[in-house]
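User: Hi! Could you walk me through the pockets in this protein?
Analyst: Happy to. Here is the structure.
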Amino acid sequence: MSVFHRPLKIGVVLLMVAGVALALIGATAAFSHLQESDAVAFIAVAVVLAAAAVLVAREVRWVVAVCFVVLAGQLAAIIGTIWELTHGIAEFKEKQLQALGFDPTTSVAINLAYSSIGFALFCWLALRWWFQPR
């Protein structure tokens, strides 16, 4: 039994493609608000995620391993975004999101959803690994 089976691989690739789409939305907003330095950061994220998606689809082992370490780390992102939603978004982040034309609370909620899906994919992999025949 392969721990990293086709449905799990598809889930990870789709999450990365969604990340590319979100980064491109951010880049478009940054360009339209004349914030080129933010746009460059969003484009860099989009390029890295797109490349990682291709490498995961091809099952490049070290990329798959790095992805699952990052997905495990999404637990910290979940905790942080829940903290932000319950205790207030940092003023700097709130102003930056508003300057791009985004509602800060909605943006943080989208981040929470994205991180939750990422951590769920990690849990799926961990359970498959834990219960694989030895």
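Analyst: A pocket here is an open set of grid points with protein on both sides within 12 Å along at least five of seven lines. Please keep in mind that this is a predicted model.

User: Thanks! How much space lies in the largest pocket?
Analyst: About 1,100 Å³. It is lined by 33 residues, and the closest to its centre are Leu-22, Phe-42, Val-45, Asn-111 and Tyr-114.

User: Which helix gives the largest share of that lining?
Analyst: That is α1, with eight residues. At least two residues each come from α1 (6-32), α2 (36-57), α3 (61-72), α5 (91-99) and α6 (104-130).

User: And how do the lining residues divide by class?
Analyst: There are 23 nonpolar, eight polar and two charged residues in the lining of the largest pocket.

User: What about the second largest pocket, which residues line it?
Analyst: Ser-2, Val-3, Phe-4, Glu-59, Arg-61, Val-64 and Ala-65 do. By class, that makes four nonpolar, one polar and two charged. The space in this second pocket is about 160 Å³.

User: Changing topic: is Ser-32 buried or exposed?
Analyst: Ser-32 is exposed, because its relative accessible area is 54% and the cut-off for exposed is over 50%. Ser-32 belongs to helix α1.

User: What does the side chain of Ser-32 make a polar contact with?
Analyst: One partner is the side chain of His-33, at 3.2 Å. A polar atom of the Ser-32 side chain also lies 2.9 Å from the backbone oxygen of Ala-29.

User: How far apart are Ser-32 and Gly-101?
Analyst: They are 69 residues apart in sequence, and their C-alpha atoms are 9.5 Å apart in space.

Methods. Residues are numbered from 1 along each chain as its sequence is written. This is a predicted model: local features need pLDDT of at least 70, side-chain atom pairs count only at pLDDT 80 or more; totals for chains, interfaces and linings use all residues. Side-chain values use heavy atoms; hydrogens and water are left out. On a 1 Å grid over the protein atoms alone, a cavity is a set of points where a 1.4 Å probe fits but cannot get out, and a pocket is an open set with protein on both sides within 12 Å along at least five of seven lines; lining residues have an atom within 4 Å of a point. Grid points are joined across faces, edges and corners, and a volume is the space filled by probe spheres set on the points. Helices (H or I, at least four residues) and strands (E, at least two) are DSSP runs, numbered from the N terminus. Ala, Val, Leu, Ile, Met, Phe, Trp, Tyr, Cys and Pro count as nonpolar, Asp, Glu, Lys and Arg as charged, and the others, Gly among them, as polar. Buried means under 20% relative accessible area, exposed over 50%, partly exposed in between (1.4 Å probe, protein chains only). A polar contact is a pair of N or O atoms within 3.5 Å; within protein, one must be able to donate a hydrogen and the other to accept it, and residues adjacent in sequence count only if both atoms are side-chain atoms.
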